[in-house]
Every structure is written in structure tokens, then in C-alpha cells.
Amino acid sequence: MDRSRRRVAGLLLLPALLVVVVVAAVPIGLLFRVALYPPGPVAPLSGGPGLDSFAGLLSAPYPSVALRTLRLSLLTTVLVTVLGFPVALFLSRSRGLSRRIQTLLIVSPLLMSVVVRAYGWMLILGRQGFVGETLAALSLPRVGLLHTEAAVLLALTESFLPFMILALAASLDRIDPDLLAAARGLGASSARTFLQVVVPLTLPGFVAGASFVLVGSLSAYAIPALLGGSAARTFVMEIYELVTISFDWPTAAAASLVLLVFASTLLGGGALLSRRRSARTFGT
Amino acid sequence: MRIALGAAAVVAYGVLLLAPLAVILYSVSPGAALEIPPSGASLRWYAGLADQPRLVSGLFTSLGLGAIATGAALVTGIPAALALTRGSLPGREAILAVLLSPLSLPGLVLGLGVLTSAAVLANATGIQTAGTLLPLFAAHLLITIPWVVRSVTASLESADPALEDQARSLGAGPFATLFLVTLPTARAGIVAGAVSAFVISFGNFALSLLLASGRTVTLPVAIYEAVDRYQDPTVAAISTLTIAAAVGAALLTDRISGPLKTRGSPSRGGRQESPAGLKAVR
């Protein structure tokens, strides 16, 4: 009975697993093969195998672009956390209609295409946009914020804020109210209860949210391309141009794999950390 | 304290509303230039969409692609969710992690991988898939299955297993139990999974960018290309339509699954959380 049940279960899983293998695992394997060819715009690919395309990533402009990308992602994560934590607290203390409306406000942007939201920020920040025209209407000098790192940071923060709010709120919702009552009963002030009970218990949510935001902003393309342009080139923008402009597939594949390994390490580390953390906190 | 938190929430929700509001406001602008204060409102840019074949064909491509990707994701994802919740499989967590892993892959990288695969396939067999809908469909299927699996799994986990036992003991066969008891109890999860799958496919950009060309350009890619080209609100008009659809989808999910929840699915500690929003649209 159990064995035939497992066999049926295996068959039921097969199509979905097959999609992951054919559309994710095989393509990533092929990227690795392409990366082993000598770098350069050669078609058809020949020569190698070697690691020259990986070595090429150590020379300009890649290290500085990688650093900028990392800096933008870290700053996004910090901003999203600072802005998201009070909102998550407010959300987790809301009930009924207010909670429903807030959730709608948080979730709706996630259902809109990132291109549409980036376009919205272009309209706001452009020299002829809402900010520029408002300044002009007030007879102040026009300021164009478009094509700056600040614009990229603002739009990245907006686009990842909902994820952080939801991750933190999920942690806050899971806190047993008895714990807070116990802390109070044992004489802890509300500030102390907050710092020593509430904040540590949100760490799993924070780690999950932060690793997602970090990886997501590292991988973002539409926002840096539309709002930063050449003023804030990111690693993914380089990959795109390697493919479409310089036709250097080996270097593009190598850069893709570096990003992939880096992102997976971050996510895996985050998952481990938050599991260990919650194991320690909940004593399981 | 509560007032301070409320103020922070108002600021955050304001920031989230800014970009869509800017698009909506610009879309009803009477002239091509943005005016502050606006001198009136007009729907001419919506009417003008009829003369934008690239945006219109992008819209239909995205609608069609979203529909077939969602259908295929349901066909593959629901059986997988059944196996995960009712199959008493060893390594259930690991299988679930594999099925959800595409959500954490950088979209552009995945797109490059699929493009490379299409080129290798063409070299090896002579079958040309570049420029057809197939690579896009495969890629969209990959990122929509996780949403269906996640949502249906959560729904099946919270269903009362006693119901299925009762159906069995009353003489229902395995198929009757499946179609008359198990799947109907998971209906909310299936519908929510389908809505999220469609929305994710419809709005996807990074994954589609390298795979869409010619007649297979999707709406987000068409909007991306048009943003710099048209210095008038035409793009804002079609973008506003997608914003309205997104809000509609959010309301629909809220309706189906009751108040949208931020509470996690019966969560196993700090398992790697892929987009937290997924739980919310459950």
C-alpha cells in the first residue's frame, strides 16, 4: 500500500520536476559549458576549454560594477528594513478592515510589472517629470534626479519594501502574546520587552526577508537600466550588454554563473542562519 | 508609540502608491507634456492605443502566454502538490525546495540559459525555436509552477484529512475522493495559485527580455522599449490598464481566500522563504 502510494506520488511529481530539470538545470549546465570557451565575440564558439572568461571578470569594468551593485543592494536592504519594521509592527497590531486594506496596499504593487513601476518613477524623477515641473511651477530651478544612483536606490527600495514588510509581519504574527505578558509580569518595561523579546523573535523573518531583498536587488535589471542608465551600471546590465551588444557569450555566461553562485550562497546562508536562529529561540 | 508607527506606515504606503499614481495621472494628461498643475483631463491616449500595434500585440502576447503558462502550471503543479501533501514521500522538504528554487534564480541569467539551450537545440537537431513562443512558454512555466505548488500545498495541508477518510469509508474510490473531496477542499488554493501564476507571467520582464523578439514581444518588454521612444502618455495609458488589472487581481484573491493573510503557511521554522508576497496572495 505504502509503496504503491509512493510510486503514484513519484509519477505525480515527475512533470513538475522535469520542467525544473529541462528549463533550469540543463540551461545552467549549458551556461557553464559556454563559459569555458575563450572570451570574445566569436561565432560559432570554438577553442578552450579554459577559464579565461572567468579571469576576464577580474579586469575593468567588472570589479567596480560589482562593487556598485553590491553597495546598492546592501543600501536597499538597510532602507527596506528601517522603513519596513515599523510598518510591519503597525500591520501586525491592526485587525479587521484596516488590516485588509493595508495588506491590499502592500500586495497590489507586487502584482504590477516592475517595468510599469520603474516607468512611474521615471515620470516622477525626470527633469520634465512631476518633481521637475513642480519645481518649475514654483519658480525654483529644475532638478532632474533621473539617471542617478539615488534614483535606482529609491525605486529598488520601493519595489522590495512589500517583501520585507510581509516577512517581518509573518514573524511578528507568530509571537505568542503570552510571552509578552510573561515578560511584563516579570517586571520588564515595555521598552525592554520590545528590545529583548520582540526584536529577537523577528530575526528569522528579518534574515529571510533580507536575503531575499539582497538577492533580488542584485538581480534587478529593469530598475537600474531605466532609472540609472549609464550613470549607475550594474552587474546584470553588463551581462545584458555582453549578450546583445558585444556578443561575448562566454564572458556573459561566466558573469551569469558568478552572480548565480553568489546569490545562491546568500540565500542558502540566510536559510541556514534563520533556521538555526529559530531553532535556538524556540528550542526545537 | 502607536501614532509613530502609524506615521511610518502612512509614509511607507505613500511611497508604494507614488509610482502607480504618477503613471495614472500622466495617462489622462490632455497634452503630451506633463503639466503641473494639470490643465484638464483627457482619454485621448487610451483611444490612441489603437494606433500602437507593438503595444497592442504585446498585450495579446502577454495575455495568451499568461493563460497557457497558467494552464500548464496548474496541470503540472496540482499533481505535484498532491504528491507532496498526500504521498508520504521521504525528503519532502528537499523536493519542495527544488520545485520552489526557480523563484530565487536571477531572471536575466535564466533567460540567457534558456536562449543558450535553444541555440544548442537548433545546432544539434536543426529545430528552430528562437523567435517562437516556445522558449518564453518554457521559461514562464518554470516560474509559475512554484506559485501553484506553494499555494495548493498550503491549501491541502490545512484541509481536514478526516473528510477524505470518510469519503473512502463511505465507498468512494480514489478518483471520486480526489475529484469530489480533495480538490474541492483545495479550491481556494487552486484559484489563488492560478491568479498569482497568471499575474507573475503577465508582469514578468527580466526573464522574457532576452527571449522575446519580433512577434513574441511581451507587454512588459514592449513597454520597456517604448518608454524612451514615446515622449507622450501612450505608454502610461496601457500601463494604467495593467495597474487596474493588478488591483483587480489583488481584490479577487482577497475575495477568494478571505482576508488576505500575512500569516505564513503552516511554516516549518525558518525554511528559506521565497517571495514572502506569495504567502500573502495565498
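In helix 3 of chain A, a kink of about 35° is found at Gly84(A), shortly before the proline Pro86(A). Helices are DSSP runs of H or I with at least four residues, numbered from the N terminus, and the bend at a residue is the angle between axes fitted to the seven residues ending there and the seven starting there. The model is a predicted one, in which local features need pLDDT of at least 70 and side-chain atom pairs count only at pLDDT 80 or more, while totals for chains, interfaces and linings use all residues. Residues are numbered from 1 along each chain as its sequence is written, and chains are lettered from A and ligands numbered from 1 in the order in which they are written.

The 32 residues of helix 3 of chain A should span 46 Å at 1.5 Å a residue, and its end C-alpha atoms are 46 Å apart, which agrees. The expected span is 1.5 Å times one less than the number of residues. Ala66(A) lies in this helix, which covers residues 62-93. Because Ala66(A) has 19 C-beta neighbours inside 10 Å, it counts as partly exposed; a residue is buried with 20 or more other C-beta atoms, placed from the backbone, within 10 Å of its own, exposed with 12 or fewer, and partly exposed in between. From C-alpha to C-alpha, Ala66(A) and Ala169(A) are 32 Å apart in space, and 103 residues separate them in sequence.

Helix 7 of chain A (residues 149-173) has 25 residues that should span 36 Å at 1.5 Å a residue; the end C-alpha atoms are 35 Å apart, which agrees. Helix 7 of chain A has a kink of about 40° at Phe160(A), shortly before the proline Pro162(A). Of the 25 residues of this helix, 21 are buried.

In the largest nonpolar core, which has 169 residues, Ala118(A) and Ala222(A) touch the most other members. Helix 7 of chain A supplies the largest share of this core, 16 residues. Such a core is a set of buried Ala, Val, Leu, Ile, Met, Phe, Trp, Tyr and Cys residues joined through C-beta atoms within 7 Å.

Between the chains, 88 residues of chain A are in contact with 86 residues of chain B, contact requiring C-beta atoms, placed from the backbone, within 7 Å. Helix 1 of chain A (residues 2-35) contributes the largest share of the side of chain A that touches chain B, 19 residues.

Definitions and conventions: Helices (H or I, at least four residues) and strands (E, at least two) are DSSP runs, numbered from the N terminus. Two residues are in contact if their C-beta atoms, placed from the backbone, lie within 7 Å.
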